[in-house]
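The sequence and the structure come first, and the description follows.

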Amino acid sequence: MEGIGGDGASVASPMPQWGHDAWRMYQYYLDKSTPHTTYRWIGTLVIVAIYCLRVYYVQGFYIVAYGLGIYLLNLLIGFLSPLVDPELEGSDGPLLPTKGSDEFKPFIRRLPEFKFWYSMTKAFCIAFVMTFFSVFDVPVFWPILLCYWIVLFVLTMRRQIGHMIKYKYIPFSIGKQKYSGKKGSASSSGSRGD
């Protein structure tokens, strides 16, 4: 009857404790990688290259690659879309500025960059593991899948770019914005004679 008490519970707990410790370590390094955007994307490009080499070497798993492409297209749409879609929301919520006189509202993504990177990297890792199981190697004529994916990509991006133009937003910020001062103050500061 002694095994029912506290001693029996501690004997069974090392495995769940080890899993929890491994998860905490993984989360710790994931959190530390957050500010290192360039290195994260370089690591993802290495994983993408390894996956592409694996598919090329095996000459199969095209249906896995097609599913991966559709998933990545879905992630890209979320990355390029605003959090509050002006088309779906009424005028009661915050909207993107449509006129030059409107208040500046920063572009907030529906899918933030870190989640986009993390989901993309996980998807490539899962697809890579799937290439080791023959059940996922469905025989298909891959040029048709490639053409269909290209058509989907073009139509989806055309719709997304049309949405960006219609609501006048750019989902990328390149560099730091520079604001010009008042025109009157610029001419008066040049006449000080410093």
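Helix H4 and helix H6 (residues 142-167) pack at an angle of about 5 degrees, and their axes are 10 Å apart. H4 is therefore roughly parallel to H6. Angles under 35 degrees count as roughly parallel, over 145 as roughly antiparallel, 65 to 115 as roughly perpendicular, and the rest as oblique. The axes are lines fitted to C-alpha atoms, for helices over the stretch in contact, and the angles run from 0 to 180 degrees between N-to-C directions. On the H4 side, the residues that meet H6 include Tyr62, Tyr66, Gly69, Leu73 and Leu80. On the H6 side, Trp142, Tyr148, Trp149, Phe153 and Met164 are among those that meet H4. Contact means heavy atoms within 4.5 Å.

The model is predicted; local features need pLDDT of at least 70, side-chain atom pairs count only at pLDDT 80 or more, and totals for chains, interfaces and linings use all residues. Residues are numbered from 1 along each chain as its sequence is written, and side-chain values use heavy atoms, with hydrogens and water left out.

**The whole chain**

The protein has seven helices and zero strands. Its pattern along the sequence is α-α-α-α-α-α-α. Helices (H or I, at least four residues) and strands (E, at least two) are DSSP runs, numbered from the N terminus. Of the 194 residues in the protein, 23% are buried. Buried means under 20% relative accessible area, exposed means over 50%, and partly exposed is in between (1.4 Å probe, protein chains only). Among contacts with a separation of 6 or more, 87% are between residues 24 or more positions apart.

**Helix H5 and its partners**

Helix H5 covers residues 113-130, which is 18 residues. From its first C-alpha to its last it reaches 26 Å, close to the 26 Å expected at 1.5 Å a residue. The expected span is 1.5 Å times one less than the number of residues.

Which residues of H5 are buried? They are Phe116, Trp117, Ser119, Met120, Thr121, Ala123, Phe124 and Ala127. These buried residues pack against helix H2 (14-32), helix H3 (37-58) and helix H4 (62-80). An α-helix has 3.6 residues a turn, so residues three or four places apart point the same way.

The axes of H3 and H5 come within 10 Å and cross at roughly 25 degrees. H3 is therefore roughly parallel to H5. The crossing of the two is left-handed, a term for a near helix turned anticlockwise from the far one by less than a right angle, with right-handed used if it is clockwise. Among the H3 residues that take part are Arg40, Trp41, Thr44, Ile47 and Tyr51. H5 meets them with residues including Phe114, Trp117, Thr121, Phe124 and Phe128.

Thr121 is in contact with Thr44 and Ile47, leaving aside neighbours within four places in sequence. Ser119 touches Tyr71 and Leu75, not counting residues up to four places away in sequence. Ser119 and Leu75 are 44 residues apart along the chain, and their C-alpha atoms are separated by 7.9 Å.

**Residues in the loops**

Ser33 is found in the loop between H2 and H3. Leaving aside neighbours within four places in sequence, Ser33 is in contact with Arg40, Phe114 and Trp117.

Gln59 is in the loop between H3 and H4, and Phe61 has its place in the loop between H3 and H4 too. Phi of Gln59 is near 55 degrees, a positive value in a residue other than glycine. For Phe61, phi is near 60 degrees, again positive in a residue other than glycine.

The table lists the relative accessible area of these residues.

| Residue | Relative accessible area | Class |
|---|---|---|
| Ser33 | 17% | buried |
| Gln59 | 49% | partly exposed |
| Phe61 | 4% | buried |
| Ser119 | 16% | buried |
| Thr121 | 11% | buried |

**Annotated spans**

According to an unreviewed UniProt entry, the annotation "transmembrane region" covers residues 38-57, 63-84 and 140-157. UniProt positions are given in the numbering used here, feature names are shortened, and annotations may be inferred rather than shown by experiment. In the model, residues 63-84 are 82% helix and 0% strand, with end C-alpha atoms 34 Å apart. Residues 140-157 are 89% helix and 0% strand, and the end C-alpha atoms of this span are 26 Å apart.
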